[in-house]
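Colleague: I would like to learn how to read a protein model. Can you take me through it, feature by feature?

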Amino acid sequence: MADWLNQRQRRCTLCHELIHARHHDPGCGTRYGIKCERRCRRETALALISPVDYGMAETVYEGNTWMMAVELGVTVQVLSDYRQLLYDSGVCVQ
């Protein structure tokens, strides 16, 4: 991993890449690769963010994305992917 990544970025990147490895995903240059990437981002968000912790962070930080991501130990991208999952499942409205 790149030396310039911070701890949260390293954690999220490692989880993301391990999920790709678990599924034996092909490279991202194919049509199937795009579907794999979508699945991997969803699974990464679910693996790294607990619903209870998310709810507490949402309340404490009043929806402030950056502060919530820091509190949860994830990147803003992973937090956004988690929020998209909640929206897609009908749990919350954006």
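Modeller: Keep in mind that this model is predicted. Start with Tyr82, which is buried at 4% relative accessibility.

Colleague: Which relative accessible area does Tyr54 have, and is Tyr54 buried or exposed?

Modeller: Tyr54 has a relative accessible area of 10%. Buried means under 20%, so Tyr54 is buried.

Colleague: How many aromatic pairs does a search of the whole structure find?

Modeller: The search finds one aromatic pair. In general, such a pair is described by the distance of the ring centres and the angle of the planes. Here the rings belong to Tyr54 and Tyr82. Their centres are 5.1 Å apart and their planes meet at 45 degrees, so the pair is tilted. Tyr54 sits in helix H3 and Tyr82 in helix H5, so the pair ties together parts 28 residues apart in sequence.

Colleague: What else does Tyr54 touch?

Modeller: Leaving out residues up to four places away in sequence, its contacts include Ile49, Met68, Leu72 and Leu79.

Colleague: How many residues are in the largest nonpolar core?

Modeller: It has 18 residues. Tyr54 and Tyr82 are among those with the most contacts inside it. Helices H1, H2, H3, H4 and H5 each give two or more residues to this core. H5 gives the most, with five.

Colleague: Now the backbone. Which residues other than glycine have a positive phi?

Modeller: Most residues other than glycine have a negative phi. His24 has a positive phi, near 55 degrees. His24 lies in the loop between H1 and H2, and is exposed at 71% relative accessibility. Glu62 also has a positive phi, about 50 degrees. Glu62 lies in the loop between H3 and H4, and is exposed at 74%.

Definitions and conventions:
Residues numbered from 1 in each chain as written. Predicted model: local features only at pLDDT ≥ 70, side-chain atom pairs only at ≥ 80, totals over all residues. Heavy atoms only, no water. Core = buried A, V, L, I, M, F, W, Y, C linked by side-chain atoms within 4.5 Å. Buried < 20%, exposed > 50% of the residue type's maximum accessible area, 1.4 Å probe, protein only. Helix = DSSP H or I, 4+ residues; strand = E, 2+ residues; numbered from the N terminus. Contact = heavy atoms within 4.5 Å. Phe/Tyr/Trp six-rings, centres within 6.5 Å; stacked < 30°, edge-to-face > 60°.
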